[in-house]
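Hello,

I am handing this structure over to you and hope you enjoy looking through it. Please open it first, and then read my notes alongside.

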Amino acid sequence: MIKTVNLTKIFRTDEVETTALNKVTFEVKKGEFVAIMGPSGCGKSTLLNILGLLDNPSNGDYYFSDHEVSKFNERHRAKLRKENIGFVFQNFNLIDELTVFENIELPLIYLGMSSGKRKMRVGEVMDQMQISHRKKHFPLQLSGGQQQRVAVARAIVAEPRLILADEPTGNLDSTHGEEVMTLIENLNQAGTTVIIVTHSQRDAEYAQRIVQLFDGQIITENIKKRFI
Amino acid sequence: MLWNYIKIGIRNLSRDKIYSLINVIGLTIGITAFFLIILYVQYELNYDQHIKYPKRMYRCIELQHAEGVGDQHVAMTMGPLGPALVNDFPEIQKMLRIRNAGRIPIIYKDKQFNQDHVVFADPSVFELFNVRLIRGDTSTALNELWSVVISENIAKKYFNSVDEAIGKVIKYENHHLKITGVMEDQPKNTHIRMEMLVSFISSEEIFPWLKSWGTNALTTYILLAPHTDYKKLQDKFGDFLLKYIEIPPEYRHRMFELYLQPVPDIHLKSGYIKFQINHEMGNVTMIYVLSIIAILIIVIACINFINIAIAKSVRRAKEVGVRKVLGANQNDLIRQFIGESLIITLVSIILAIMLMEILLPSFNRIIDKELFVDYSQNWVFNIGLILLWVIVGLVSGSYPAFYLSRFKPITVLKAGHGKINGGTSLLRKALVVFQFIISITLIFSILVIYSQIRFILNKDLGYNYENVVGIPLYNNNSPEKINLIKNEFLKNPGVLNVAVSSGMNGVSGTQSTIEVDDTTDTRITVRLGYVDENFFPMMGIPVIEGRNFSKEYALDRNEAIIINESAVDYLGWDDPLGKQFRSIFGDTVYKRKVIGVIRDYHYYSLRSKIEPAVYFYNPEGMHILCMKIQKDKDQETMEFIESVWHDIFPGSPFESRYASESLRNQYTDEQNLFKIFSYFTLLSLIISIMGLYGLTSFIIEQRTKEIGIRKIMGGSVFRIITTLIKEFLLLVLIAGIIASPIAWYFMNEGLNEFAYRISISWYYIVLSILISIAIAVITIIHKAYKSANSDPVIAIKYE
């Protein structure tokens with residue numbers, strides 16, 4: 001589903017040049033659950049941004065569903081994004097001015113779905129995430145765990161083929177963290193490809209495969225026993 | 001999608017209440033002011049548009065080369081001019097002569113009225129000025145001697161109904177006027193107000209000289225055939241006049257030039273014309289100035305909008321990021337932000353229309369007009385409204401739209417907020433400077449205009465008109481009656497002195513050319529005044545050479561003349577006493593000898609220089625009683641005066657007016673301009689201050705964390721306030737440097753309209769800058785103080 005070849009990302013300021021990713025080549029197959037781990041600053045978020053089409057690489061190729069997309073313009077990337085990828089962030093990134101329902105509905109609006117269909121689909125997802133009773137609340141009225149569940153609901157509402165999660169449990173206590181990870185695991189088992197970036201060994205355990213990054217390079221692509 | 005935008009727009013508004021209020025209130029006030037000004041401007045531009053052929057109607061103007069005065073434009077012409085023009089030029093289809101009778105006493109049975117806006121008019125007035133009759137026939141109503149057409153308003157006032165009025169006879173002096181028609185009330189925005197039309201031939205009956213060339217005493221209007229080039233027509237007037245007015249070749253240079261003024265120009269573009277009928281004359285410069293202010297006010301409100309949007313962008317950035325991650329492209333976001341600003345603008349426009357309707361009555365009172373909006377008819381206003389909505393919405397929304405929509409989601413979602421503001425601070429500063437330029441210019445202008453008005457009102461005019469009351473005599477000016485009433489008045493100790501004259505300022509309002517009785521035919525154009533022996537002493541006008549008029553000299557009445565310094569200066573006389581003037585009237589030559597010279601005083605407004613003036617001692621020209629009364633007893637004295645008046649002139653309406661009031665009335669234009677100007681300037685200042693408040697709030701909010709840390713470290717907030725103030729001071733100073741020359745230039749131009757003006761001093765600009773600084777500093781301190789007193793823990797948690 002995803003393949004990168006010699007993916008390189010260099011950040012330049014006036015005097016300093018930082019190589020965030022250094023010739024990263026790796027692949028994620030359809031239906032896989034991959035965790036990317038590594039110390040702070042190793043480039044894992046940068047990698048996730050590029051995989052999520054939020055950023056372009058400086059060099060190298062990125063194949064998404066067999067299409068080379070690294071040179072796509074913003075309009076193209078936006079289209080690809082809204083049709084294929086769901087995002088979950090550490091700090092939830094819900095829009096404070098919109099209710100739970102409206103936050104979840106947003107991706108469907110950008111997909112141009114009709115209002116009736118949207119209502120139905122959002123209803124389903126809210127049931128699935130057990131947040132229906134919070135439908136009219138605003139994000140700031142919810143606990144962290146609930147907020148992240150809304151974020152997950154929003155990520156999956158458009159039924160994306162790929163879910164990218166950046167430290168999804170980073171702002172949650174362990175109980176809520178586990179809940180969210182279980183949700184993600186269930187999605188994966190239902191067929192969605194998942195890539196998460198995490199510091200937490202425990203979160204990484206949910207994945208079938210752990211990729212270790214260090215100084216912008218992949219040092220291991222350990223395939224876990226469970227998968228074999 | 002749209003609903004989603006509206007929803008988030010409204011929620012955004014309600015979340016940042018202060019900013020939203022600044023936006024909405026600022027825009028609302030701005031748009032209201034804009035509407036009011038536009039209505040006013042529209043009203044002024046629509047003067048005389050009710051007449052039938054506004055584009056083909058012209059008023060005849062004379063450019064006179066007046067000895068002693070210089071070139072002057074006069075919209076008064078001679079009686080035979082109109083008929084001669086129609087006779088000689090086929091392209092002139094019709095003419096209309098109007099002679100203003102002004103305010104005259106009218107008597108009907110036991111009722112007396114001092115009737116304003118009475119004019120003598122040719123019958124063509126009905127067609128050319130589009131006067132419609134409710135009763136009567138336009139083809140005959142003004143054909144007979146002493147026939148009169150009155151307005152509906154007057155008919156109701158005099159006779160309670162329109163039908164009652166027809167055929168009634170009213171009395172003006174010893175003439176009996178028969179009402180032959182009732183006309184619709186005339187619109188107020190016309191240069192000539194008409195409540196009563198008297199047939200023109202009646203005026204020729206009273207003043208037979210109107211039939212001959214010689215005296216400019218009426219206004220001549222002409223209607224040109226369609227597609228006539230009036231400038232080409234004008235060129236033929238020189239030869240035309242010589243056909244009718246005999247003038248020896250050596251005096252041709254004295255001949256006036258005749259030209260045409262389009263009737264729609266009369267209201268706004270006649271400031272340079274000296275003698276004319278021009279009711280509530282407007283000023284085209286004022287229209288420009290107000291239009292500029294209207295646009296500035298809107299610009300200021302838009303700048304506030306943009307400034308606040310930039311300030312809020314920090315908060316909106318996250319939303320932009322999230323929306324982009326979820327698949328929104330740049331166009332979606334541009335649409336969203338433009339949509340939001342269109343909504344805010346629409347809300348403001350609706351509020352502004354309501355506010356305008358609430359304010360219109362008071363506004364009308366201030367400017368003494370009757371403005372209103374007829375939404376079903378006024379298409380200019382309606383289309384303007386939509387244009388305003390779109391333009392303000394787009395302009396205000398465009399910057400946030402294009403700026404915010406460019407944010408890269410990873411930058412705003414990950415990197416924190418710091419990076420976002422770098423690029424915009426320069427723009428924000430530029431906008432603040434721009435706003436201060438406007439504010440400083442406006443404050444400066446207010447100061448200058450205010451000082452000029454004060455200067456005019458307080459300038460020593462060369463005579464003492466304090467506690468002088470004038471009572472118009474109209475035709476009650478027989479010497480016997482005047483003597484009688486003078487003596488009666490003086491019996492009251494509250495009356496200190498009584499004089500009679502042709503006007504409260506001594507002169508009669510007319511001008512004449514008189515000849516010096518010498519061999520070189522020296523001529524001088526002078527103002528004519530008629531005064532008795534008490535006038536100069538009572539008004540404190542010194543006779544600097546010779547003597548005043550006196551009862552002791554029997555010949556004074558017919559042979560004496562007093563002249564002012566300006567006349568002496570023009571004639572270059574070293575010893576004016578005993579010099580002789582002559583004037584020819586019909587076959588008689590009148591000669592008058594100079595018996596005295598008075599010191600120059602400003603009998604007219606300070607807009608013009610003091611012109612040569614001559615004074616006669618003839619009671620026929622005296623139409624007003626002037627008396628000096630004791631200040632503390634004015635009320636009882638006035639009551640006494642009124643009762644004496646009614647005893648001596650039973651049946652004549654009594655009126656009185658303080659000289660100081662009439663004098664001040666000469667500057668109504670300036671005072672009105674000042675009023676309107678200062679109200680709107682104040683408004684734009686308020687909007688600017690609101691914007692400034694929003695901006696400082698934002699900057700301080702951004703530094704809340706810094707303030708918190710400083711407090712935890714034991715530091716004071718004094719430093720952060722001083723740095724903030726320093727930042728703003730710099731901006732205000734830059735604005736001051738840019739604003740000074742601009743403001744100085746425009747004000748200097750404006751002051752040049754006055755013959756007597758203040759000079760613009762450097763401290764006006766310093767004061768303007770200081771006021772702006774004060775506004776900025778107070779805002780900053782107020783806001784920073786609040787923030788500094790908050791709990792530091794809350795402050796550092798702020799992210």
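Let me begin with a term you will need: a crossing of two helices is called left-handed if the near helix is turned anticlockwise from the far one by less than a right angle, and right-handed if clockwise. Helices (H or I, at least four residues) and strands (E, at least two) are DSSP runs, numbered from the N terminus.

This is a predicted model, in which local features need pLDDT of at least 70 and side-chain atom pairs count only at pLDDT 80 or more, while totals for chains, interfaces and linings use all residues. Residues are numbered from 1 along each chain as its sequence is written, chains are lettered from A and ligands numbered from 1 in the order in which they are written, and side-chain values use heavy atoms, with hydrogens and water left out.

**Helix pairs**

In chain B, helix α14 (residues 425-458) packs against helix α21 (residues 668-702) at an angle of about 155 degrees, and their axes are 9 Å apart. Axes here are lines fitted to C-alpha atoms, for helices over the stretch in contact, and angles run from 0 to 180 degrees between N-to-C directions. Angles under 35 degrees count as roughly parallel, over 145 as roughly antiparallel, 65 to 115 as roughly perpendicular and the rest as oblique. α14(B) and α21(B) are therefore roughly antiparallel, and their crossing is left-handed. Sorted by class, the contact of α14(B) with α21(B) has 16 nonpolar, eight polar and two charged residues. For those classes, Ala, Val, Leu, Ile, Met, Phe, Trp, Tyr, Cys and Pro count as nonpolar, Asp, Glu, Lys and Arg as charged, and the others, Gly among them, as polar.

Chain A has a helix pair to look at too. Helix α3 (residues 100-111) and helix α5 (residues 144-156) of chain A have axes that come within 7 Å and cross at roughly 30 degrees. That makes α3(A) roughly parallel to α5(A), and the crossing is right-handed. On the α3(A) side are A:Val100, A:Asn103, A:Ile104 and A:Pro107, which meet A:Val150, A:Ala153 and A:Arg154 of α5(A); contact means heavy atoms within 4.5 Å. By class, this contact of α3(A) with α5(A) has five nonpolar, one polar and one charged residues.

**The chain B sheet**

Four strands of chain B form an open sheet in the order β14-β22-β13-β23, with antiparallel pairing. β14 (495-501) and β23 (657-658) of chain B stand at the edges with a single partner strand each, so one side of each is left without a neighbour in the sheet. Two strands pair if DSSP finds at least two bridges between them.

Strand β13 (residues 468-472) of chain B is joined to strand β22 (residues 624-629) of chain B by five bridges. Among the partners in β22(B), B:Met627 goes with B:Val469 and B:Cys626 with B:Gly470. β13(B) also pairs with β23(B) over two bridges, where B:Gly470 stands opposite B:Arg657. On the other pairing, β14(B) and β22(B) share six bridges, and B:Asn497 stands opposite B:Lys628.

Five of the five residues of β13(B) are buried, so this strand is largely enclosed by the rest of the structure. Buried means under 20% relative accessible area, exposed over 50%, and partly exposed in between (1.4 Å probe, protein chains only). β14(B) is mostly covered, with five of its seven residues buried. Two helices of chain B lie across this sheet: α15 (residues 479-490) runs at about 165 degrees to β14(B), and α19 (residues 634-648) runs at about 150 degrees to β22(B).

Which residues does B:Pro472 touch, not counting residues up to four places away in sequence? They are B:His623, B:Ile624, B:Trp645 and B:Glu655. B:Pro472 lies in strand β13 of chain B and has a relative accessible area of 19%.

**The chain A sheet**

Chain A has an open sheet of four strands in the order β2-β1-β4-β5, with antiparallel pairing. Its edges are β2 (17-28) and β5 (67-68) of chain A, each with a single partner strand. Strand β4 (residues 59-64) of chain A pairs with β5(A) over two bridges, and A:Tyr63 stands opposite A:Glu68.

Helix α1 (residues 44-51) of chain A is mostly covered, as seven of its eight residues are buried. After α1(A) comes A:Leu53, whose phi is positive, near 60 degrees.

Happy exploring!
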